Amino acid sequence: TRMTSLCHDRGIPIVLFNRYIPGSDASGVRCDNEAGGALMAEAMLAAGAQSFAVLKGDPRGTTSQDRLKGFSDRLLEAGIPRRAILELEGGSVYAGGREAALRAFRDERRPLPDAIFGINDIMAMGAMDALRAELSLRIPRDVMVGGFDDIEEGGRWPYRLTTVRQPVGRMVEETLAMLHLEDPDRPIEPGIDRKVPGRLVWRDTIPRQVGPGP
């Protein structure tokens, strides 16, 4: 917020990219992270999942919070009880996703969820490696896994991760249009929060079959 205010005070044009600041009038363009989280929830529900774990990212980040909210709210709307949604701290990094999965599911007394959602792909990939290499679980037969971002590595073997793709190209175009660099003397309109929808990318970590979900 302070940096945004300094730029405004000095007449420096600023548009936030894939971020927003609650309570600020700074304009920006971002992926519709809540809707993307809901897309992932719907995919898992359609495949028959009834219990879930979420690998969370930075607790201060609006991106992580919005993805978690969209995912959880859609599950609750479908009748999934709050107790069936386990939240795990993953820190937005590969090692965090891997360690969170090991801590949570190495103990056989803790039931394995039907599906795990990594708030970003890299945490989902860390969890996948832990589940398969150290817990001898099969994906998606034993547990489904989904991510968010569609980073290049997630599409490669051995991950083939089902994820939500951020529409980066369109987001860049929208940001440049909002800056209207062809007319630099024209002030940037404040208070615009432009959300661009993401797209579900089906691969191999969530079955494409309708199960007995709610």
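These legends describe close-up views of a predicted model. Local features need pLDDT of at least 70, side-chain atom pairs count only at pLDDT 80 or more, and totals for chains, interfaces and linings use all residues. Residues are numbered from 1 along each chain as its sequence is written, and side-chain values use heavy atoms, without hydrogens and water.

**View A. The largest nonpolar core holds 55 residues.** Such a core is a set of buried Ala, Val, Leu, Ile, Met, Phe, Trp, Tyr and Cys residues joined through side-chain atoms within 4.5 Å. Buried means under 20% relative accessible area, exposed over 50%, partly exposed in between (1.4 Å probe, protein chains only). Met44, Phe52, Phe71, Phe105 and Leu131 touch the most other members. Helix H5 (residues 121–133) gives the largest share, 7 residues. Helices (H or I, at least four residues) and strands (E, at least two) are DSSP runs, numbered from the N terminus.

**View B. Glutamate 134 and arginine 98 form a salt bridge at 2.2 Å, N to O.** The term means a side-chain nitrogen of Lys or Arg within 4 Å of a carboxyl oxygen of Asp or Glu. Glutamate 134 sits in the loop between H5 and strand E6 (144–146), arginine 98 in helix H4 (residues 94–105), so the pair ties together parts 36 residues apart in sequence. Glutamate 134 is partly exposed at 36%; arginine 98 is partly exposed at 26%.

**View C. Glutamate 174 pairs with arginine 194 in a salt bridge.** Their closest N and O atoms are 3.2 Å apart. Glutamate 174 belongs to helix H6 (residues 168–179) and arginine 194 to strand E8 (residues 193–196), 20 residues apart. Glutamate 174 is buried at 18%, whereas arginine 194 is partly exposed at 32%.
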